[in-house]
Every structure is written in structure tokens, then in C-alpha cells.
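Colleague: Thanks for sitting down with me. Could you show me what stands behind the words you use for this model?

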Amino acid sequence: MWDNQGRHPQQHEQSMAQISPVLDTVRHDAGLYRELDVLERLQQSLPDGYEIFHSVAWQTAHHGEARQGEIDLVVLAPNGNILLVEVKAGELQLIDGTLIKLYGRREHDVARQTRVQHAAMLNRLAESGLHAHVTGCVVLPDYRVEEASIVSLPRERIIDASEYAVLGTRVRELLDHGASRSDVESLRRFLGNVFKVSVDLQVLGDQVRHTSRRMADGLATWVPRIVSPSGVVRIQATAGSGKTQLALRLLDDAATAGQRALYVCFNRTLADHIGRIAPARARVSSFHELCVEHWRRTQGEPDFTAEGIFQAVVERYGSEAQNFEALYDLVIIDEGQDFDPAWVASLLPQLKEDGRLYLLEDEAQRLYERDGFDLDGAVNVCCNDNFRSPRAVVDVINALGLAERAVEARSPYAGELPTFRAYDDDRGLRRQTLAAVESLRERGIPIAEIVVLSGRGHGRSLLLKDAKLGAFALRKFQGRYSADGEPVWSEGELLIESVHRFKGQSAMGVVLAEVDFEQLDEAARRRLFVGMTRAQLALEVVVSRATEAALGKTLA
């Protein structure tokens, strides 16, 4: 039904150099990362006829030992000359005439790296029967060489911060020397096909994640500045809009000011996640944890085997809420769409008279049927910008109408359309889920950054009952907590969870499996929306044949 070749057509101005892969598939931000900043600057300063390749893999042999790596940028000139561009951002050291770049405690000899890359390129060209003039340069956008003597690398092949403004001119000067005998089209095919130019998701992952987080800081920047006379601010914001950043910013500000803060959400897994990254001074809990703790203080240890015990625990908490002490300067209710009105009412007495209440919610992620509620005097804030999900994934979300209002795709990464894999039976489900995991790994996402999400609950899921998926041991919640309240997990390398429990979290690669419904009704839309918006880089969806047909009708 869909394939995973969802890249946009290549577009570029005729007056600028051409880029492969298309820059639009990498990011759309203002230039937070130097390598891409160099790429953009070259595209704008080199005229039509020049072509720039980035993330070019190389492999060679040295004394019988295979070596491989990646060249930052390769510029192909209209005359067939090739320039290898190595970008070294930040500070460097000059030791005995050698440029050294530090990566933690590891030292990298810049000149040696460029020599190896140059030799590797010449070897690969020769193997392909091509003859091109190849030279290299190092771009140091943040470092000035000054007058120091560099013996390991010719000064004319170093473009430092003082020359960065004329980067395009310097590159053209380097490409004017020498003559290539092979035709340009053969060299273009060589760079594009032999090296299989593509975005490495593992390399790209941290960059996209960090950039998305920075872009999504908008809520955390301006919402705390909003003045509400009632002290109540209600934020209706879509998945990936930055609600977690906002909550952490509010908790950090409260801790800095010496104030007491309470963060409450519906999902225990989300509470555990926030508890690990929130200030120690803040109290972080799921709503049901609060109720259980109150029961323990007043009634003793609850009998969790008793029928209706959780309902009884919640009702007692609510009935005694008016007697609670107003302890908190700040109360944050996250996942508000899944809260019963009575639960919200039971938290309000704990807020000081001059305290602030923030309610974070998203109707498209409502997984439980609850009555709606109003908060008197609340200032309402709406945000439909998704900074987390690849733009191609958001396109599918909007095409399926999974949210009441169209989601605005704001991620720096365009990505690829999600692959939908259909299964006929339990065996096919496991086979297609494993194939989806392997597909993500082949694209460069490490197994530790992949999560399998079941569209069924823990009680109905087949995959969550298995110990392994193919050769991968599954890491999953065991349904119990340790004596100190920590969740107990099985030992495994591949994380598997239900959509419900993973709400509020995300991963580089997501396999949304066990998606099984005959009609795309409201409940199915919400589960699909929550599952699809967990992916930061790549998404695979494993659906039943009935679901495949239902989605096909929606898009027909």
C-alpha cells in the first residue's frame, strides 16, 4: 500500500549548486550544526554546474586491514575535478605543526585523516576505471590558524574562520587546478551510485533529536511568561509540541525559586520517566500513586487482589481531598485528557491560594472515555506544531485524519513515508514485526534506539507474551514493582511496550505492531495517532489485513 521511498523530488535554484541527498531531507532549521551550515553556504555560493555530495562513505585497505569512514562533503566541479571537504567545528590544537581535534580523550590528526580519505577516493576511482583530479581541504569555521606554522597540511588547503565568509570562492580556486580525464556524468554516477549517497540515521539521530528539542522549546520559553489572573493555564498541544520541555522548565523554575511543586500524570511509565529527569525537589507521581500513598497513610497496605480496590482507593482520595493541606506553589497536571473531572478537583485543594496550575493535554491522545470539564478563569493556550515526528510521518497522520485539526509539521527532518506491513495470522505478525525491526537497523538505527509498540493492551498482546522476537531478547515490563517502587523489567536488548504505557515518550525508530481494527473509528484514530507520533526518525507499522483495508478506504 505504501513504500518507504517517501523523499521529496529534488528541487534547487538554477543559480545554485546541486546537493545530493537533497538538503530538505536533512533539516529546515536556521543552522545549528556546522557541517550542514557549511553545506548550505556552499550551495548558495557555488553556481549552477557544481554538485555537492554529503555523508559519502569510503572504504579502503591498508596493509591488508580494511578501513572505512565517511567524508563530510564532496564537491564535483563542471570540469570533473573533485574536492574532498573535511569540516572540523569548534576548537582545535596545534601541536608541533600538526592540527589535532579532540573527541573526549581521543586525539584525531586532521591531516592524517584527509590523506587516508584522499587515498581511499583515488583507489575507488581507479577500481571503477575513472580518472579524476582529486584534492582535499579542511574547513575550520570556528578556528583561526593565525601565523602558526603547520607542517602537516599545506596552508592553502585550510579554510579557517577568517576565510569562512568567502568559502565558495576558496573552493572554486581549489577546483580550478588540475584536469580530469573522465566525463562529469560518469563521475556523478560514481559518487551517487557507487557510494550510495544516503542519510545515515544513526549519525543523524542525535542531531535531529537535539535540534527538534531546541525548536520545541517555544512552549517552555513563552508559556511561563503568560500571566493568568486565576493562576490557571490550560495548554492544548499536540504530540511533539514540547509539553515535556515546558513541564521541566516550570519544575526547574520552581526549584530555583525554592518553591514546592507537584507534577501529576495518568501514566505510571511517564511519571517514572519524568521523575528521572525532574529536579529532586519536585514531587513527581501518577495520580493513582498519590491515591495509593494516601490509602497507605490512612488505611494501611491496600489489598490489590480485592475486587474494585483501585476504584475504592481513588474514591477515598477524592472524598478526603478537601481536608488536604495546601502545600504546593505549582501543580502540573499532564495527560489532562485522560483525567476524570473528579480527579482534577481532588488535586486543587493542595494548591496554595496564590499558586499556579498548569494543565497539559491533547485531545488526539485521549485513550480513555472521560467526561470533559472546565476550569474557571483559565487562560487557554493552543499549539498544533509537531517538532518531533518526521514531516513525512505527519503527512500520513493528516492524510488519515487522525487529529481533529491538521498537525503542523515542524520537524527539522523530512524523513520517509512509514512502511505499512500487513499480516494474515500470528505467525505473519511475528515475521512482519521482525522484518520491520531489521529494516530500521539496516537504515542505521541501533537496536537500543528501537521500540516495538503493541496496539493492543498488555492482556491481549501476543508479542508482549513472547520472550524473544527472532534472535532479539525482549525487554519488557514484568507487571510488578520492586520494594523501592521501581518497575521490574526483563533482561533484553529490544524494548517492547504497549501504546498506552509508552505515551509521553519517544524513540528514534518505532515499530507500531498489532494494529488491528476493521473500522477507523475515533478510538482507533487515537491509538494510531499516539503510536505514530512516538517516532523521531523512522516508523514502520504492522497491520492486520482488515486494518489495511480500512486505511485504504480512508485514503481512497
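Modeller: Gladly. Buried means under 20% relative accessible area, exposed means over 50%, and partly exposed lies in between, with a 1.4 Å probe and protein chains only. This is a predicted model: local features need pLDDT of at least 70, side-chain atom pairs count only at pLDDT 80 or more, and totals for chains, interfaces and linings use all residues. Residues are numbered from 1 along each chain as its sequence is written, and side-chain values use heavy atoms, with hydrogens and water left out.

Colleague: Why is E514 called buried?

Modeller: Its relative accessible area is 1%, and the cut-off is under 20%, so E514 counts as buried. E514 lies in strand β25 (residues 507-515); strands (E, at least two residues) and helices (H or I, at least four) are DSSP runs, numbered from the N terminus.

Colleague: What is the phi of E514?

Modeller: Positive, about 55 degrees, although E514 is not a glycine. Most residues other than glycine have a negative phi. E335 also has a positive value, near 60 degrees. E335 sits in the loop between β13 and α11 (341-347) and is buried at 5% relative accessibility.

Colleague: What makes N81 buried?

Modeller: The relative accessible area of N81 is 1%, under the 20% limit, so N81 is buried. N81 is in the loop between β3 (65-76) and β4 (82-87).

Colleague: Which backbone oxygens does the side chain of N81 reach?

Modeller: The backbone oxygen of L175 is 2.9 Å from a polar side-chain atom of N81, and that of H177 is reached at 3.2 Å. A polar contact is a pair of N or O atoms within 3.5 Å; within protein, one must be able to donate a hydrogen and the other to accept it, and residues adjacent in sequence count only if both atoms are side-chain atoms.

Colleague: How do you know that the length of helix α7 fits its residue count?

Modeller: The expected span is 1.5 Å times one less than the number of residues. The 14 residues of α7 (residues 243-256) should span 20 Å, and the end C-alpha atoms are 20 Å apart, so the two agree. Just after α7, G258 takes a positive phi of about 75 degrees.

Colleague: Which residues of α7 are buried, and what covers them?

Modeller: The buried ones are K243, L246, A247, L248, L250, L251 and A254. Their cover includes α6 (218-222), β10, β11, α8 (268-277), β13 (328-333) and β14, where contact means heavy atoms within 4.5 Å.
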